Amino acid sequence: MVEEVKGKIGVFDSGYGGLTILKELIAELPEYEYIYLGDNARAPYGTKSYDVVFQYTLEAVEFLFEKGCELIILACNTASAKALRTIQQTILPKKYPGKRVLGVIRPSTEKVGLLTKTNKIGVLATEGTVKSDSYKIEIAKFNQGVAVFQLACPLWVPLIENKKWNTVHGRSLIKEDISTLLRLDSEIDTIILACTHFPLIIDYLLEIIPRHITILGQGDIVAKSLSVYLDKHNWLSMKLNKEGKITFYTSEDPLLFKKFTESEFLEFFKDIKVLKF
């Protein structure tokens with residue numbers, strides 16, 4: 001009798017940002033096997049066109065399916081905004097029936113309405129995510145009467161990817177962007193970090209954002225949402241390997257990826273092996 005090969009959970013991001021999602025997935029669901037793919041060589045995605053983001057995302061999704069993933073999390077808001085729906089509606093039914101691709105926008109927008117008291121929400125995101133209006137559209141589905149104020153922060157991802165955010169120039173730029181967002185409405189009391197890179201600088205954001213404002217990251221929300229999803233779709237959970245392994249891939253230099261990952265997430269990822277995408 002041939003033993004059935006179990007599948008994996010894929011986590012895809014344009015670079016390092018999705019690691020903030022992966023660490024929470026591992027904390028919530030440590031038993032599963034994960035493959036992480038960071039397209040660092042082509043980051044950032046936020047300033048790229050719809051067609052380019054879709055093509056890059058599709059390449060990543062198909063690569064992860066080839067590596068045995070049954071379920072993929074697009075841990076990139078730009079990819080979730082520009083590519084997720086088309087992949088779900090046109091690619092999966094024809095080429096990969098039975099497999100699933102999920103995004104990070106829906107879980108966040110379901111949660112945020114429960115946190116605001118003023119019904120004024122700020123969104124910090126990439127240019128692509130802001131232009132898509134995905135957050136405004138999704139928040140309106142769950143929270144009637146909530147005003148959403150968006151600000152594109154196109155330089156944050158390159159600053160974070162290149163470890164330049166903590167320079168005098170980087171900190172000044174980030175602080176000015178926060179001020180710009182808060183000037184849009186003085187009653188903003190909740191801010192969504194609508195790019196998975198942004199929690200990598202959470203300590204600095206906590207310094208410069210007024211304490212009465214709730215800052216909403218996505219990692220914990222996405223992890224809990226996936227746990228509920230797998231409970232509801234037990235047939236999918238049964239197809240997944242439960243050996244607690246993690247494999248990393250990057251389109252950039254694997255040594256650079258390893259160095260960044262182990263320095264920023266030392267308590268989660270130690271002595272990791274990184275392969276070339």
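Contact, as the word is used here, means heavy atoms within 4.5 Å. The model is a predicted one, in which local features need pLDDT of at least 70 and side-chain atom pairs count only at pLDDT 80 or more, while totals for chains, interfaces and linings use all residues. Residues are numbered from 1 along each chain as its sequence is written, and side-chain values use heavy atoms, with hydrogens and water left out.

Not counting residues up to four places away in sequence, Phe248 touches Leu19, Leu22, Tyr36, Phe257, Phe269, Ile272, Lys273, Val274 and Leu275. Phe248 counts as buried because its relative accessibility is 2%, where buried means under 20% relative accessible area, exposed over 50%, and partly exposed in between (1.4 Å probe, protein chains only).

From this residue we can turn to the nonpolar cores, a core being a set of buried Ala, Val, Leu, Ile, Met, Phe, Trp, Tyr and Cys residues joined through side-chain atoms within 4.5 Å. The largest of them has 56 residues, of which Leu124, Trp156 and Leu226 touch the most other members. Apart from it lies another core, of 26 residues, among them Leu37, Leu58, Ala60 and Leu64. Trp156 itself, when its neighbours within four places in sequence are left aside, is in contact with residues including Leu124, Leu173, Phe198 and Leu205.

Next come the helices. Two packed helices are described by the angle between their axes and the distance between the axes. Here axes are lines fitted to C-alpha atoms, for helices over the stretch in contact, and angles run from 0 to 180 degrees between N-to-C directions. Helix α5 (residues 105–112) packs with helix α7 (residues 134–142) at an angle of about 50°, their axes being 8 Å apart. That makes α5 oblique to α7, since angles under 35 degrees count as roughly parallel, over 145 as roughly antiparallel, 65 to 115 as roughly perpendicular and the rest as oblique. In this pair, Ile105, Arg106, Ser108, Thr109, Glu110 and Val112 in α5 meet Ser134, Tyr135, Glu138, Ile139, Lys141 and Phe142 in α7. The buried residues of α5 are Ile105, Pro107, Ser108, Thr109 and Val112, and what covers them includes α3 (77–82), β5 (120–125), α7 and α11 (219–232).

A second pair is formed by helix α2 (residues 50–66) and helix α4 (residues 84–95), whose axes come within 12 Å and cross at roughly 40°, and that makes α2 oblique to α4. Tyr50, Phe54, Thr57, Leu58, Val61, Glu62 and Phe65 in α2 meet Thr86, Ile87, Ile91, Leu92 and Lys95 in α4.

Thr126, found in the loop between β5 and α6 (127–132), is buried, with a relative accessible area of 7%. In the loop between β2 (34–38) and α2 is Pro44, and the peptide bond from Ala43 to Pro44 is cis, with omega near 0°. Asp133, in the loop between α6 and α7, has a positive phi of about 60° although it is not a glycine, and at 30% relative accessibility Asp133 counts as partly exposed. Asp271, in the loop between α13 (254–264) and β10 (274–276), likewise has a positive phi, near 50°, but Asp271 is exposed, with a relative accessible area of 70%.

Technical notes: Helices (H or I, at least four residues) and strands (E, at least two) are DSSP runs, numbered from the N terminus.
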